[in-house]
Amino acid sequence: METGPQPLSCRPRGPRRGSREDPEVCVVFPGLVTRESCCRFTCELLKHILHQRHQLPLPYEQLLHFCRGPQDGDEVRRRPMKEASDSRQCQRTLSDLAELMSQLDVLFTLTPVPRILLLLGGSAVSPKELYVIDMEGVQVGNGEQSLSPRPCLRQLFRALFLADPFSELRSSGLMSLVLMVQGHRDCATDWFRPKLNYKVPTRGHALTIRLSSSGADGVPDHHNDDYIWFQAPITLKGFHN
């Protein structure tokens, strides 16, 4: 039976420079989840944050329909230059986002992923906004043992809706997004680039989305040793229409 978000005692963190208190959204799933589900949580949060922070003018699925291009039987017409330029920007952003999500899907099959960083604006070492997807407390099982991803996503986005972490943020201009992912040193990814000396930024606005499991017989899908940061070689660029 599906349950709503449950309170989670978040681990204390050291103070971050330039921030009085960084918000956290904590979600406890009532059972095991699969790595595939963890990848889906990551991709849905990535799309959601891009839209909430005004880097995408519409939700991702609506943009797919808007930018799909002419289909068989569609009337062909000459579009104004501004509309054509917007369409090219849309296609480029959606193509990069689809490639990034596809490569995340591969990476989650190669290694446990305890944390993801979404870095908006500035640079990878000094972003304007930092979004942490923390999955260190998630317990992983196979498909038969694990919760369906759909109710987990409903629980996750209900928690985000109740916390409303984006409402107090100022409207932002267009910013680039860099994605960093934590994985095992020997995971043999040939797409993500290892960043051996990378450290999580301590400046800028930060939001942590902390996912974990409770009431499940299992162990976390990773250990703290031999994990490093990898950087996606694609930098996502937002656009306005």
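How many aromatic pairs does the count come to? The count comes to four aromatic pairs, where rings of Phe, Tyr and Trp (its six-membered ring) pair if their centres lie within 6.5 Å, and planes under 30 degrees apart are stacked, over 60 edge-to-face and the rest tilted. The model is predicted, with local features requiring pLDDT of at least 70 and side-chain atom pairs pLDDT 80 or more, while totals for chains, interfaces and linings use all residues. Residues are numbered from 1 along each chain as its sequence is written, and side-chain values use heavy atoms, with hydrogens and water left out.

The secondary structure of the protein consists of four helices and eight strands, taken from DSSP runs (helices H or I, at least four residues; strands E, at least two) and numbered from the N terminus. Along the sequence the pattern is β-α-α-α-β-β-α-β-β-β-β-β. Of the 241 residues, 44% count as buried; buried means under 20% relative accessible area, exposed over 50% and partly exposed in between, with a 1.4 Å probe and protein chains only. The accessible surface comes to about 13400 Å², and 49% of this belongs to carbon and sulfur atoms, as computed by the Shrake-Rupley method with a 1.4 Å probe. Contact is defined as heavy atoms within 4.5 Å. Among contacts between residues at least 6 apart in sequence, 86% join residues at least 24 apart.

Strand β2 (residues 115-120) is mostly covered, six of its six residues being buried. R115, L117 and L119 point one way from the strand, whereas I116, L118 and L120 point the other way. Strands are taken as paired if DSSP finds at least two bridges between them. Strand β3 (residues 129-137) runs antiparallel to β2 and is joined to it by six bridges, with D134 of β3 opposite R115. Strand β4 (residues 176-184) also pairs with β2 in the antiparallel sense, over five bridges, and V178 in β4 is the bridge partner of L119.

A nonpolar core is a set of buried Ala, Val, Leu, Ile, Met, Phe, Trp, Tyr and Cys residues joined through side-chain atoms within 4.5 Å. In soluble globular proteins, nonpolar side chains tend to be buried together. The largest core here has 54 residues, and those with the most contacts inside it are L46, I116, L118, M135, L179, F192 and L211. A second, separate core of 10 residues includes V132, V178, M180 and Y198. Leaving aside neighbours within four places in sequence, L211 is in contact with V27, F29, F41, D134, M135, E136, G137, V138 and L156.

F29 lies in strand β1 (residues 24-29) and is buried, at a relative accessible area of 0%. With neighbours within four places again left aside, the residues in contact with F29 include F41, L147, C152, Q155 and L211. The C-alpha atoms of F29 and L156 are separated by 8.8 Å, although these residues are 127 apart along the chain. T208 lies in strand β6 and counts as buried at 14% relative accessibility. Beyond its neighbours within four places in sequence, T208 is in contact with P23, E24, V25, V132 and D134.

Y131 and F166 form a tilted pair, 6.1 Å centre to centre with 35° between the planes. Y198 and W229 form an edge-to-face pair, 6.1 Å centre to centre with 75° between the planes. Y198 is buried at a relative accessible area of 13%, and W229 is buried at 6%.

A search of the whole structure finds zero disulfides, a disulfide being a pair of cysteine sulfur atoms within 2.5 Å. For C39, the nearest cysteine sulfur is that of C43, 4.2 Å away. C39 is buried, with a relative accessible area of 4%. For C152, the nearest cysteine sulfur is that of C38, 9.0 Å away. C152 likewise counts as buried, at 2% relative accessibility.
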